[in-house]
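The following note sets out numbered points for a colleague who is reviewing this model. It is meant to be read beside the sequence and the coordinates.

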Amino acid sequence: MISICSARAIQAAPSIQLFFPRNRGRISYDVLRIATNHSVRCSGSDECGDETLPEPRTNYAGMRLEEIVETKSGKVRLDSWISCRIDGISRARVQSSIRAGLVSVNGRVIDKASHNVKAGDKINCTISELQPLRAEPEDIYLDIVYEDEHVLVVNKPAHMVVHPAPGNATGTLVNAILNHCSLPMVTTTNEELLSDTDISDDELNSIEILSSRVSEAPIRPGIVHRIDKGTSGLLVVAKDEHAHAHLSAQFKQHSIERVYISLTCGVPPSTAGRIEVPIGRDPNNRIRMSAVSRTNNNSNAKYAASRYKVIENLAQGGFSLVEWRLETGRTHQIRAHAKYMGIPLLGDEVYGGTKSMAMSLLRTRTSSSCHSQLMQLVSSLERPCLHALTLGFIHPHTGKNIRFSCPPPTDFAEILGQLRQISTKKVTKS
């Protein structure tokens, strides 16, 4: 059994010193964006032609695409075809452009993203301007593990998105923090925040916190890193500019201690090890990342390294409790690496740890009398069994090393308990 202690040193700050304007009315704010390179490209699929590719771009707004469809795969969705032609753009951004009437097929405006295009169709597309996202304070419960006037450590529940994005404008951690810190509504123009999974921790660290057009002072807590919507556990938020810069530097240097635990379908090939496999966007599924070998020609794959250790073998080897320590912070890093190793996380429908896979493993290892109960338990899983267990960093103002741990929530604990009832074998510590 993994030993988990809950360190909850909570300090109530009667007067939170944040940088924000004296006039707390509705002020318009901009997010300073990451400078990323984007280009029209061909992914190698049949949806793309062989034309020479334009130079990389740094902004999609107003970008025009005029091409004739050359496809051998029959009918293709309009939004899919356009997304294929513009490297890095989100499907949601393309769909927004289509709904805005900025896309025509053979001279006729098409406002349905599901419209099928075929060989010979002439496509004219202009990418729409980014629509502002409003983040309003919301009275949402926060499980605060630690707080002082400079930093806030929270235990994020599963299913909560970290920050507002198209499709997730409310109910986010940022909405809750704005309320907790008594900050006003903010309006942002986030670049390509498709979901809670588009930007990795390493990339997020270079995004500046929100600034007022009236004042250059930051006016809200800074999100220094993120964990996926379906992942529960610890996350640190900076409450002033110095803390944001200091914590961001620690993440960039990979000196932050981050320990996760997961339930995996299957057992890793060794009791402990290190996986160093680049991770990039899956060209066939935009919501999924893919761990690829260096021999694979995936130009968008970035260096990623994870260390793992098996804590317990469960259910006669069908599952395992695994500890992960991240050396980098790529999007979906643990999930993609686990899939690459052939041990997808239990409950991770996107990366192969499906409910049907879990039941197939359980049926061969349990008596038929248990199947109904196990089926009910597995069916109730609505997220990957992944929890951010431990978070440690140097306090940006005191310079002291601080470390926090928080046990996994009920859904994780319940299925772990059921798997232990079938059988458990502790792995000897190395």
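1. Arg274 is partly exposed, because its relative accessibility is 37%. In this predicted model, Arg274 forms a salt bridge with Glu276, and the closest N and O atoms of the pair are 2.6 Å apart. Glu276 also has a relative accessible area, 35%, that places this residue in the partly exposed class. Elsewhere, salt bridges with shared partners join Glu257, Glu323, Arg325 and Arg403 into one network.

2. The structure holds 17 salt bridges. As background, side chains of opposite charge can pair when their charged atoms come close. One of the pairs is formed by the side chains of Glu66 and Arg64, with an N to O distance of 2.9 Å. Glu66 has a relative accessibility of 49% and therefore counts as partly exposed. Arg64 has a relative accessibility of 53% and counts as exposed, since exposed residues are those over 50%.

3. Where in the chain do the partners Arg335 and Asp228 lie? Their side chains meet in a salt bridge at 3.2 Å, N to O. This pair links distant parts of the chain: Arg335 belongs to helix H6 (residues 333-340), while Asp228 sits in the loop between strand E13 (222-223) and strand E14 (232-238), and the two are 107 residues apart. Both Arg335 and Asp228 are buried.

4. For the chain as a whole, the secondary structure comprises 9 helices and 23 strands. Of the 430 residues in the protein chain, 53% are buried. When contacts between residues at least 6 apart in sequence are considered, 71% of them join residues at least 24 apart.

5. How do helix H7 (residues 355-363) and helix H8 (residues 368-379) cross? Their axes come within 10 Å, at an angle of roughly 155 degrees. The two helices are therefore roughly antiparallel to each other, as angles over 145 degrees fall in that class. The crossing of H7 past H8 is right-handed. On the H7 side, the residues in contact are Lys355, Ala358, Met359, Leu362 and Arg363, and they meet His371, Leu374, Met375, Val378 and Ser379 of H8. Sorted by class, this contact has 6 nonpolar, 2 polar and 2 charged residues.

6. H1 contributes Leu78, Asp79, Ser80, Ile82 and Ser83 to the contact, and H2 contributes Arg91, Val94, Gln95 and Ile98. The class composition here is 4 nonpolar, 3 polar and 2 charged residues.

7. Is Ala176 buried or exposed? Ala176 is located in helix H3 (residues 173-180). With a relative accessibility of 1%, Ala176 counts as buried, because the buried class covers values under 20%. Apart from its neighbours within four places in sequence, Ala176 is in contact with Glu138, Ile140 and Leu142. The C-alpha atoms of Ala176 and His163 are 9.8 Å apart in space, and the two residues are 13 residues apart in sequence.

8. His159 is not a glycine, yet its phi is positive, at about 80 degrees. This residue lies in the loop between strand E10 (151-156) and H3. His159 counts as partly exposed, given its relative accessibility of 43%.

9. Ala315 likewise has a positive phi, of about 50 degrees, although this residue is not a glycine. Ala315 is placed in the loop between strand E19 (305-314) and strand E20 (319-326). Its relative accessible area is 0%, so Ala315 is buried, whereas His159 is partly exposed.

How values were computed. Residues numbered from 1 in each chain as written. Predicted model: local features only at pLDDT ≥ 70, side-chain atom pairs only at ≥ 80, totals over all residues. Heavy atoms only, no water. Axes fitted to C-alpha atoms, helices over the stretch in contact; angles between N-to-C directions. Helix = DSSP H or I, 4+ residues; strand = E, 2+ residues; numbered from the N terminus. Parallel < 35°, antiparallel > 145°, perpendicular 65-115°, else oblique. Left-handed = near helix turned anticlockwise from the far one by under 90°. Contact = heavy atoms within 4.5 Å. Nonpolar A, V, L, I, M, F, W, Y, C, P; charged D, E, K, R; others polar. Salt bridge = Lys/Arg side-chain N within 4 Å of Asp/Glu carboxyl O. Buried < 20%, exposed > 50% of the residue type's maximum accessible area, 1.4 Å probe, protein only.
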